[in-house]
Amino acid sequence: MGRRKKGRDISGWVVIDKPAGITSTSVVNKVRWAFDAKKAGHAGTLDPDATGVLAIALGEATKTVPFITDAMKAYQFTVRLGRATNTDDAEGEVVAESDARPSDDEIIAALPAFVGDVMQVPPKFSAVKIDGQRAYKLARDGEDVEIAARPLFVEALTFVARPDADHVTLEMVCGKGGYVRSIARDLGAALGCHGHVRELRRIWSGPFDVEDGVTLEELEAVAKTDAIMDFLGPLEIGLADLPELPTTESGAVKLRNGNPGLVIGSSVEYGDEAWASLNGQAVAVGRYKAGELHPSRVFNTAQSTISE
């Protein structure tokens, strides 16, 4: 007889206001434990010292993670001017210093160069793969890591505050794959003074806002009780950027079996990605073709309870 997989069947999204000093993977593990969930994952890593929105998917919601990962995100961060580090953040070794300190106007004038479709070189201490190995592992082993520039869309990069001559606080809205540490590094280079990230906070990610986040302490206080369900949002939040197409009972059966199913009232174009719903509940994600949705992901959203 096979071993029963630990945890319960539960699906949905939890928005954590991540504290500094903990990895994203550790947060996922804590959330999974608190909900006693079989399966959990996150939609976009935050560095250990970063804070803010970390969206955790449970159960069937993990199938919607790619749509959140691809969504726009916003960060507020503070750049330490006058110093470059090998990690591009405050944890690294200082590798260059400068006495130059740009004015507010000079900083503001430099920001537009980082907006729009730009090419960005990720930090050497990052999870980017080089010949099958993580860049940070190669860098820690002392290898001279060369990382190719990657395309990034930056919707906005704005001046927020100048706490003192050594620091400037900025806010960035960007697409998938953006490294705030690279922005700080490259901005410091453009200003001729060096720079690295001192503090970083993700303030929203796709449909998730830090104002709606729960702390790990709040979650742990109600761990494995019915009260924890107050912190669980529906799976469908992860599909907010896709059009919703209602289906019928018979259409839902076909879709759940992996077959094309009838959808109603479509305003999407042939071949567009969308999701089918029955009574507001997600049934499947797929491509719309001639009145039917051809599924690529199918959801099984039966929930178990704490008391089981």
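**Salt bridges, domains and a sheet**

Mentor: In this predicted model, the side chains of Lys38 and Asp9 meet in a salt bridge, with 3.5 Å from N to O.

Trainee: How many residues apart are Lys38 and Asp9?

Mentor: Lys38 lies in the loop between helix H1 (24–35) and strand E2 (40–42). Asp9 belongs to the segment before strand E1 (12–18). The pair therefore links distant parts of the chain, and the separation is 29 residues.

Trainee: How many salt bridges does a search of the whole structure find?

Mentor: Side chains of opposite charge can pair when their charged atoms come close. The cut-off applied is a side-chain nitrogen of Lys or Arg within 4 Å of a carboxyl oxygen of Asp or Glu. The pair of Lys38 and Asp9, at 3.5 Å, is a salt bridge. For the whole structure, the search gives 11.

Trainee: Which residues make up domain 2 in the domain assignment?

Mentor: The assignment gives domain 1 as 12–70 + 207–236 and domain 3 as 242–298. Domain 2 is given as 73–202.

Trainee: What area is buried between domain 1 and domain 2?

Mentor: The centres of the two domains, taken over C-alpha atoms, are separated by 26 Å. The contact takes 16 residues from domain 1 and eight residues from domain 2. Carbon and sulfur atoms give 35% of the buried area, which is about 960 Å².

Trainee: Which residue forms a salt bridge with Arg201?

Mentor: Between domain 1 and domain 2 the count is three salt bridges. For Arg201, the closest N and O atoms of the pair are 2.9 Å apart. The partner is Asp17.

Trainee: Which element gives the largest share of the side of domain 1 that touches domain 2?

Mentor: Between domain 1 and domain 2 there are 10 residue pairs in polar contact. Strand E3 (51–58) and helix H2 (65–69) each supply at least two residues of that side of domain 1. By class, the side has seven nonpolar, five polar and four charged residues. The largest share, four residues, comes from E3.

Trainee: Which strands stand at the edges of the five-stranded sheet?

Mentor: The sheet is open, with mixed pairing and the order E14-E16-E17-E18-E15. Each edge strand has a single partner strand, so one side of each is left without a neighbour in the sheet. The strands concerned are E14 (244–246) and E15 (261–262).

Trainee: Which residue of E18 is the bridge partner of Gly261?

Mentor: E15 and strand E18 (residues 292–298) pair in the antiparallel sense over two bridges. Leu262 stands opposite Glu292. For Gly261, the partner is Leu293.

Trainee: Which residue takes a positive phi in the hairpin of E17 and E18?

Mentor: Strand E17 (residues 281–289) and E18 are antiparallel over six bridges, and Tyr288 has Leu293 as its bridge partner in E18. The hairpin has two residues between the strands. The residue with phi near 50 degrees is Ala290.

Technical notes. Residues are numbered from 1 along each chain as its sequence is written. This is a predicted model: local features need pLDDT of at least 70, side-chain atom pairs count only at pLDDT 80 or more; totals for chains, interfaces and linings use all residues. Side-chain values use heavy atoms; hydrogens and water are left out. Domain bounds come from an automatic or database domain assignment. Contact means heavy atoms within 4.5 Å. Buried area is the accessible area (1.4 Å probe) that two parts lose on being put together, summed over both. A polar contact is a pair of N or O atoms within 3.5 Å; within protein, one must be able to donate a hydrogen and the other to accept it, and residues adjacent in sequence count only if both atoms are side-chain atoms. Ala, Val, Leu, Ile, Met, Phe, Trp, Tyr, Cys and Pro count as nonpolar, Asp, Glu, Lys and Arg as charged, and the others, Gly among them, as polar. Two strands pair if DSSP finds at least two bridges between them.
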